[in-house]
Amino acid sequence: MSAFQRIALVHYHEIGLKGKNRSRFEERLRRNLEFLLAAYPLVTIHRISGRLIVFFKEGTGQREAFDCAQFIASVPGVARVSCGFKCARDIDEMTACAIEAMGEAGDPATFKVSARRSHTDFPIHSMDMNRLIGARLCEAYPQAKVRMADPDVTVGIEVVQNASYVYCMSMRGVGGLAVGSSGTLLALLSSGIDSPVALWRCARRGAICHAVHFSGRPQTSDASEYLVDDIARVLERSGCIGKVFVVAFGDYQREIALSCPPSLRIILYRRLMLRIAEQLARRVGAKALITGESLGQVASQTLENLCATDEVVSLPVFRPLIGNDKLEIINEAQRIGTYEISSQDAPDCCTLFMPRSPATHANLAEVRKAEEAYPYDEWIAEICASAEVHEYRNPALPLHSLH
Ligand code: ATP
Ligand code: MG
């Protein structure tokens, strides 16, 4: 067991964070991490000048601490995580700590020391610390050579306030802002590849994201609902989702399909979806909607058709993927961990009553005319009242009854 306390240093981007905003943001991130890390062997999380420090329980092993660091890196607001030890502001202790940290890094052939002082009241300059501790590491590990450019291992040393932190393991985080610092949104969430990525991007920017899923039930099975639940559980791990409304949309689609010109069906489905989403958004206090659309990706996502759907709601519709190619979206879905789930086939309202050739340039006058045939106000009220609500754990929402 190590003589030093295991810690993880959490860095965030400070750009644009000043004064009161900054401490509010730090506190938000600290509380989110505390909430999300409940299952890990932590003692506490502290804020110290521009960083958060996660203190592990005595006896926590390297593997456990690294796993936790890897998890921390996936939490919105985290720009970098470094995993190592805390010791005194004493060069001998720092050296002993560095020797231990490098021992855990395997047998690196090359290394360098990168020291920083946050407070210049520590008498030894960073460059001198690099040299001194570097020389002692060479004695302790004679096979390891110092190399400044692209070494196998960088031994980070940070002197902050009244302690030092030493680590060899450091990784980039997802960045962004802590969930709960950018307001509330509602995403239209299918079980497909795109919309989970669109939602995640907004959560990464600090939004609390709720969602609505339109199931083809009772005209299809409820398979897509299970996939959406699996997707929500992945997003839940990093605190990126709140409530998910599940709407049984099949019968309404059927009504539309029975009498609307086939080429306009998709536009009508979409416009109805957005109207419903807007109502649900108001219920949860969301100030904008999110979709996973990307310009021109499919027939329903031509510029004209996107505009035709926007027309029916007064809330802004955010489309974070609008300029992305499918491959980029797939890569991101893989990183987030939703791709495997989204790749499973499940009929949802999108596969139901689809026309052979959907209009790519819908004529708005025709669309509005076609809609007059349906009692939308009644439908929307009925649908919203019967929507099922699934709640997920979100660090920025008050505790509610779970599952
Ligand atoms: P995705 O991969 O997100 O399913 P897609 O490439 O299948 O998108 P469309 O079917 O045109 O594209 O859907 C565009 C957007 O409309 C989706 O990204 C999503 O935001 C919303 N949407 C589509 N189907 C549903 C659904 N069943 N429930 C909720 N939202 C949906
Ligand atoms: Mg889809």
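Tutor: Buried means under 20% relative accessible area, exposed over 50%, partly exposed in between, with a 1.4 Å probe and protein chains only. Residues are numbered from 1 along each chain as its sequence is written, while chains are lettered from A and ligands numbered from 1 in written order. This model is predicted, so local features need pLDDT of at least 70, side-chain atom pairs pLDDT 80 or more, and totals for chains, interfaces and linings use all residues, with side-chain values taken on heavy atoms, without hydrogens or water.

Student: What percentage of the residues in the protein are buried?
Tutor: The C-alpha trace spans about 85 × 40 × 35 Å along its principal axes. The protein has 403 residues, and the buried share of them is 54%.

Student: How many helices and strands does the protein have?
Tutor: Both are DSSP runs numbered from the N terminus: helices are H or I with at least four residues, strands are E with at least two. The count for the protein is 13 helices and 14 strands.

Student: Which residue of E7 is the bridge partner of Ala-115?
Tutor: Strand E5 covers residues 110–117. Seven bridges join it to E7, in parallel. The partner of Ala-115 is Ile-157.

Student: Which residue in E8 pairs with Val-159?
Tutor: E8 covers residues 163–175 and runs antiparallel to E7, with five bridges between the two. The bridge partner of Val-159 there is Ser-164.

Student: What is the phi of Gln-161?
Tutor: E7 and E8 form a hairpin with two residues between them, and Gln-161 sits in the turn. Gln-161 is partly exposed, at 37% relative accessibility. Most residues other than glycine have a negative phi. Gln-161 has a positive one, near 45°.

Student: Is Asp-150 buried or exposed?
Tutor: Asp-150 lies in the loop between E6 and E7. Its phi is positive too, near 55°. With a relative accessible area of 63%, Asp-150 is exposed.

Student: How far apart are Lys-57 and Pro-41, C-alpha to C-alpha?
Tutor: Lys-57 lies in the loop between strand E3 (51–56) and H2. It is partly exposed, at 47% relative accessibility. In sequence, 16 residues separate Lys-57 and Pro-41; in space, their C-alpha atoms are apart by 5.7 Å.

Student: Which are the edge strands of the six-stranded sheet?
Tutor: This open sheet has the order E13-E12-E9-E10-E11-E14, with mixed pairing. Its edge strands each pair on one side only: E13 (317–318) and E14 (388–391).

Student: Which residue in E10 is the bridge partner of Leu-186?
Tutor: Strand E9 (residues 184–188) runs parallel to strand E10 (residues 208–215), and five bridges join them. The E10 partner of Leu-186 is His-210.

Student: Which residues does a cis peptide bond join?
Tutor: Most peptide bonds are trans. The cis bond has an omega of about 0°. Its proline is in the loop between E10 and H6. The bond joins Arg-217 and Pro-218.

Student: How many disulfides does a search of the whole structure find?
Tutor: A disulfide is a pair of cysteine sulfur atoms within 2.5 Å. The sulfur of Cys-97 has its closest cysteine sulfur in Cys-87, at 4.0 Å, too far for a bond. Cys-240 is in no disulfide either, with the nearest cysteine sulfur, in Cys-209, 7.6 Å away. The number found is zero.

Student: What is the relative accessible area of Cys-97?
Tutor: Cys-240 counts as buried, at 1% relative accessibility. Cys-97 is buried as well, with a relative accessible area of 0%.

Key. Pairing = 2+ DSSP bridges.
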